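User: I would like to go through this model term by term, asking what each label rests on. Please set every value against its definition before concluding.

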Amino acid sequence: MRKWLVFLFLSIVVMGLTGSALAQNKVRLTIESWRNDDLKIWQETILPAFMKKYPNIEVVFAPTAPTEYNAVLDTKLKAGTAGDLITCRPFDKSLELFNAKHLDSLNDLPGMNNFSAVAKAAWSTDDGKTTFCVPMASVIHGFLYNRAIFRELNLQVPTTEAQFLQVLQRIQQTGKYSPLVMGTKDQWEAATMGYQNIGPTLWRGETGRQGLIAGTQQYNKGGFLQAFEALAKWRPFLPRGYQALAYPDAQNLFAQGRGAIYPAGSWDIATFRQMNPRLELGAFKPYTFGTASQCVINDHPDIAIGLNSASKNKEAARTFLAWVATAEFAQLYANALPGFFPLANVQYTVSDPVAQTFLSWRKECQASFRTAYQILSRNANPNNENDLWNASAQVLNGTFTPKQAADYVQSRLASWYGPQKGK
Amino acid sequence: MKRKPFPWHVVVFLAPAVAIYSLFMIYPLIDSLILSLQNKDPDGAVVFVGLQNYQTLFSSENWSKPFWNAFWNNIEFFLYHMLIQNPVGLLLAVLLASRIRGGWLYRTIIFTPTILSVVIVGFVWRLVLNPAWGISQGILDAVGLGNLNQPWLGLENTALPTLSLISVWQNIGIPMMLFLAALIRIPDELLEAARVDGASAWTVFWRIQLPLILPTVGIVAVLTFVGNFNAFDLIYATQGALAGPNFASDILGTFFFRTFFGYQLQPGDPYMGATVAGVMLLIILTGVLIYLFAWQRRLQNIQF
Amino acid sequence: MTRPAWLGALAVHVALLAYSALALFPVLLVIVNAFKDRLAIFSAPYALPNAQTFTLEGFRTLQATANFPAYFLNSLLVTGGALFLIILVSSMAAFALAEYEFRLNTLTGLYLAIGIMVPIRLGTVGILQLAVDLNLVNTLWILILVYTAQGIPLAVFVLSAFMRQLPRDLKDAARIDGASEYRIYWLTLPLVRPAIGSVLAISMIPIWNDLWFPLILAPGERTKTVVLGASVFLGQFVNDYNAVLAALTLAIVPAVLLYFAFSQQLIRGITSGAVK
């Protein structure tokens, strides 16, 4: 026992000493992010490029898992332990951080005029006067497919819902591959890559989305209800045990070539390139419907970066942020992370052919973004985004009919959101 | 008559423990309770609202439905432990108490999951039960029950039982050890005498062993209760903060976490979070008091 | 009594063996697969690694991105520091409660016992605020102090129960020899060694394994504990099975080795404390 006590005592002494021994001469910046998939790319490509230019600043990329990011970040900000640079989610989440004085205004940052008002909208106050994050990229939704499998089964890329379902049926009949690779355990894929992927075409993009905010359109009517109905048709084609498949499990299945079509966000391109460089990736845009033939893509402002008001290295942090607004960063980012499309009005070229495909849809289709992000998720409970996850996952699990899902989401939104009250 | 000098040494002995305990346990608890009596008014100023948050929690459907869902799930979680973990732990303890050869090795092995972090255990089981890896499928195929395999963690009616069983798997070492310690204390002569009289192992257990370890049964029950109503890590590590599917595995710990810290686009609400914590406190205290008054009183002469 | 005794013993062995297998299987499965390449993990999960399938890729990823030895040291320091403080302050308080009759004795005992029933987690909100006020966020000290506060109630309870049973004459003899009260406390400590052992054993596991407080109070890179480090790493590399399995292995193996080395003391500690 005595030996143990001595050991414990020594441990404490050692601890006290090591605390003070780690002095540094460089300025060290830490980036908080949810992009854990991109860790290697930040460490090996993006940050070295910056540090080569500014050798006195060391930048560390410290991501948290996406599902935990907000909670962990909030805790760290409250506790004063968050990194100097904060990766910003779009709209309300970051606006909340700015209003709580956790983020600095970046209006006077050099390079901010590289962004259009539209690009900045997701990270500005409601009156548009103050911008608090440097926009980095938007992501586009669509479908990835395994070209080798399509070749083997002699399949054509579908453009309408009827063709899409037919292709799925053909793949299923052969029995070799999972037709549509997605799980519902983590819930968000069902909403983000399902409902919000094929939905905008049905609710006519911005018309529908702004109609929800104005209270003139409802989740349980028209295009929003049809989107749940369209989603329900995916059910028979999902992999075995999909109810317990998490996001990384689905990624593994598709990367290993065990599935044919993967409902995707463009950010998945980079992940698959890394997981299996030999995978023959192809992409097709969200399909159109008999009743809705004008395609609308979900071109979602996804990621930006801001300055932690409590940072002790603001000058260095602003240097980094100004660099993020440059063409050099845009070019680097777009190609290091194919599938993230920089928002700056600067020249950049995307070399990844699949990413190019996604980008080309901007010319063919109208654009909108996820319905719950602006204003509608300001309430803690019930929360519109959480409800969409839950309802979409339940539609795919077969525990909700599309109508039940739509009514669930609508009634809970109407319970607190003024313009929807009584609708 | 001389007055006794003030017993400074008593103060010295008590001060460090009382200070650390008061500052880092009692004060934060009280602080949380106070927070649960406050809220923000429309202008954003913090105001005292009395029991209004508690009223909201129980009367507003948006709050009461998830709360009662979490509460009943938590009861179910607790019942799985009471009906499986503790009886099986007792069975293992009785087997080990029979002075079997190699008993210490079994004891050490069965206790191993208990020393692992819940996070690690949750992740390990997530892998084992993952349909993409197919471990559970492989095992069930091997015993000819392949078609019984289900995405256990992904279905509303199997998620919570599965998580309960994982928790039982991990924690069974504790009741086993406590029961074993109590069983070992039963004098051998007592058991021998019964066997000479021709009593079967079954009779010996019901007539002699179980009555003598009843106090331990009570302790195990109350420890299980406190542990289960305070559980969080396993569900969080395995299912995430949304405790899916459709909140089928949501218990009070995860409900508290989500309410307080928020989730994804959902903003956190410290006042309602503290309210949930206050109710959890009440539930746990009620359980412990029932134990102290109902159970302890019957077993007057027992000490912990 | 016609059934042969060995049959009964065999049945007991079969039952215990079966349960032991159930207890170890998932752990072994993880460790075995941590050393195989990705293809083999999926195609032959039960096979041992062989020359073709053996790889350390996962561990290399781990080494490049997470500093597990440092996390391990943090865990050791936090657990060791908290256990030391728990024993020190609790034994002092227990001694006072067991030894002296004073007006607030029962009340103090009850006050300290509340914490046995109330989980400290419910005070998280207040603890976080306190940590910010004391400027202790992201230090190992805040973890040590919180775990100490969490451990005090049970430790005081067990130790004072033990100390009350010590014979008086020994202490009285020392007092007649003119020993101070502090000296008598010091002389008492070796006599309650078994109780100290069980307090150590009971308090150790929850402290070592906690995720909650490291996540909330000390999530910085320099203060990460093994459990938090593993958890963060698992979040980051969740689609890389090699890395995930390697991280799980590194989180499990040292703890299990330590446990096997000290299992006799640990188990004896838990059982003797429970009996008392």
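Analyst: Leaving aside its neighbours within four places in sequence, C:Ala93 is in contact with B:Phe13, B:Leu14, B:Ala17, B:Val18, C:Leu112 and C:Val156, where contact requires that the C-beta atoms of two residues, placed from the backbone, lie within 7 Å. The model is a predicted one, in which local features need pLDDT of at least 70 and side-chain atom pairs count only at pLDDT 80 or more, while totals for chains, interfaces and linings use all residues. Residues are numbered from 1 along each chain as its sequence is written, and chains are lettered from A and ligands numbered from 1 in the order in which they are written.

User: What makes the set with C:Ala93 among its residues with the most contacts a nonpolar core?

Analyst: The term covers buried Ala, Val, Leu, Ile, Met, Phe, Trp, Tyr and Cys residues joined through C-beta atoms within 7 Å, and buried means that 20 or more other C-beta atoms lie within 10 Å of a residue's own. The largest such set here has 318 residues, and B:Ala17, C:Ala93 and C:Ala247 have the most contacts inside it. Helix H4 (residues 68-99) of chain C gives the most to this core, with 19 residues; helices are DSSP runs of H or I with at least four residues, and strands are runs of E with at least two, numbered from the N terminus.

User: How do you know which classes make up the side of chain C that touches chain B?

Analyst: In that interface, 69 residues of chain C are in contact with 63 residues of chain B. Ala, Val, Leu, Ile, Met, Phe, Trp, Tyr, Cys and Pro count as nonpolar, Asp, Glu, Lys and Arg as charged, and the others, Gly among them, as polar. On this basis the side of chain C has 53 nonpolar, 14 polar and two charged residues.

User: Why is chain A called as compact as a globular protein of its length?

Analyst: Chain A holds 17 helices and ten strands. Its radius of gyration is 23 Å, close to the 22 Å that the globule rule gives for 423 residues, so chain A is as compact as a globular protein of that length; the radius is taken over C-alpha atoms, and the rule is 2.2 Å times the number of residues to the power 0.38. Buried residues make up 56% of chain A.

User: What are the bounds of the two domains of chain A, and how many residues join them in contact?

Analyst: Domain 1 is 25-138 + 300-360 and domain 2 is 140-299 + 367-420, with bounds from an automatic or database domain assignment. In chain A, 19 residues of domain 1 are in contact with 22 residues of domain 2.

Conventions:
Buried ≥ 20, exposed ≤ 12 C-beta atoms within 10 Å, placed from the backbone.
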